[in-house]
Amino acid sequence: MTDLAPQTRTRVLSSLRGQRIETASWAYGNSGTRFKVFAQQGVPRDPYEKVADAATVHRFTGVAPTVALHIPWDRVDDYADLARHAAELGVALGTINANVFQDDDYKLGSVTNADPAVRRKATDHLLECVDIMDATGSRDLKLWFSDGTNYPGQDDVRTRQDRLAEALRETYARLSPDQRMLLEYKLFEPAFYMTDVPDWGTAYLHCTLLGERAQVVIDTGHHAPGTNIEFIVAMLLRAGRLGGFDFNSRFYADDDLMVGAADPFQLFRIMHEIVLADELDRGIAFMLDQCHNIEPKIPAVIRSVMNVQEATAKALLVDHAALHAAQQAGDVLEANAALMDAYHTDVRPLLRELRADMGLDPDPIAAFRASGYHERVRVERAEGQAAGWGA
Ligand code: RM4
Ligand code: MN
């Protein structure tokens, strides 16, 4: 990276130093597919230990200071105490994820269910999540609904939208002025005919009916194959409704693999839109939503954070003046080259330099391995029930 102009180097390093990536509590617990969960040793047994693992990721990366919780998976008696525990370890509690998809009552839907008692129960859970945000100091409530139908005619599409709108309205009204609602969409699964919030347009429409603090969250694994996600990013940025990302990679459907593993070029294109709009540090939540079924979890989360950093660094290296000039001149090849030159730059030396500047080991994964953390928790957590998906 010796050929970078000094001003460029300073600008890029300062942006990377300020970057914030939120990790997910569930990434530290056991997970699997619907076929098998492969248990790993040293996995956290409760939310306190998940937070400790998240703090470890932050200790070695320096850019992951918050951890998202999932309710009820991370239910504790005293959320303020969990927040204190996080602070003692140098991190904070982040986004609160609601869960209205794992109860028998929700077989035919949660907030869209035809039964008003089920809708009440689901909405009450969303309200409870806002209570938890008050105790944890979290800014964002993230809502993902598994609601949908499996067969044409199973339920009325428009009536279900009305019910959804009503639950969102009640929950939004409960938020404090400094809290936001992030509405997530997903094309299909677990519903296979129709999903009630299948795409960004549906999420956007509901958000506009609520207010400015209702924002869309893009889970990169929740689209049809081949979807141009960076176009969605651009559209939501334009509308001022891009609340955040759930980053992960997919080869086929919602694979929840490490971000940047399947398609690092797509991640770069997404980050390029963010950088172009100068939105890197203006409130968009950059979160990981992944499961590490077969790879060791903490290093996998560290690797994911590094992958986001690498894509961001490359996006920051795009020569915007050259890009703009080529676009104005109608020079297709030069415009494309401005992007590709940045993408092909090896930014790893720059990131090693950044980490050294931040007082970190330039190689976070090697540093984690050498730290003995895994060996220690493997012994400490040998007894008891490991946390897992749904626990
Ligand atoms: C869903 C969705 C949510 C996440 C859960 C675990 O598919 O992506 O964001 O909280 O999975
Ligand atoms: Mn998600």
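This dialogue walks through a few features of the predicted model shown above.

Reader: Which residues are around ligand 1?

Author: A residue is near a molecule if one of its heavy atoms lies within 4 Å of it. Around ligand 1 one finds Trp26, His70, Trp73, Asn97, Lys142, Trp144, Glu184, Asp219, His222, Asp246, Asp254 and Asp289. Sorted by kind, this shell holds three nonpolar, three polar and six charged residues, where Ala, Val, Leu, Ile, Met, Phe, Trp, Tyr, Cys and Pro count as nonpolar, Asp, Glu, Lys and Arg as charged, and the others, Gly among them, as polar.

Reader: How far is a polar side-chain atom of Asp219 from an oxygen atom of ligand 1?

Author: A polar contact is a pair of N or O atoms within 3.5 Å. For Asp219 the distance to an oxygen atom of ligand 1 is 3.1 Å, for a side-chain N or O atom of Asp246 it is 2.9 Å, and for one of Asp289 it is 2.7 Å. The protein covers 93% of the 290 Å² of accessible area that ligand 1 has on its own, an area that comes from the Shrake-Rupley method with a 1.4 Å probe.

Reader: What are the protein donors of the manganese ion (ligand 2)?

Author: Donors are N, O and S atoms within 2.8 Å of the metal (3.2 Å for Na, K and Ca), and sites may look incomplete because water is not among the atoms. Here the protein donors are Glu184 (OE), Asp219 (OD), Asp246 (OD) and Asp289 (OD), lying 2.1 to 2.2 Å from the manganese ion, and along the chain the donors follow the spacing E-x34-D-x26-D-x42-D. Glu184 lies in strand S6 (residues 180-184) and Asp289 in the loop between strand S10 (285-288) and helix H9 (297-316), so this pair ties together parts that are 105 residues apart in sequence; helices (H or I, at least four residues) and strands (E, at least two) are DSSP runs, numbered from the N terminus. Both Glu184 and Asp289 are buried, a word that means under 20% relative accessible area, with exposed over 50% and partly exposed in between (1.4 Å probe, protein chains only).

Reader: Why is the arrangement around the manganese ion (ligand 2) octahedral?

Author: Ideal angles for six octahedral donors are 90 or 180 degrees. The six donor atoms around the manganese ion subtend angles of 73 to 164°, which makes the arrangement octahedral, since six donors count as such if opposite donors are over 155 degrees apart and all others between 65 and 115.

Reader: Where is the peptide bond from Glu189 to Pro190, and what is its omega?

Author: Most residues other than glycine have a negative phi, and most peptide bonds are trans. The bond joining Glu189 and Pro190 is cis, with omega about 10°, and Pro190 lies in the loop between S6 and strand S7 (194-195). Glu189, which is found in that loop too, has a positive phi near 80° and counts as partly exposed at 32% relative accessibility.

Notes: Residues numbered from 1 in each chain as written. Chains lettered and ligands numbered in written order. Predicted model: local features only at pLDDT ≥ 70, side-chain atom pairs only at ≥ 80, totals over all residues. Heavy atoms only, no water. Polar contact = N/O pair within 3.5 Å; in protein donor to acceptor, adjacent residues only side chain to side chain. Tetrahedral: all angles 85-135°; square planar, octahedral: opposite > 155°, others 65-115°.
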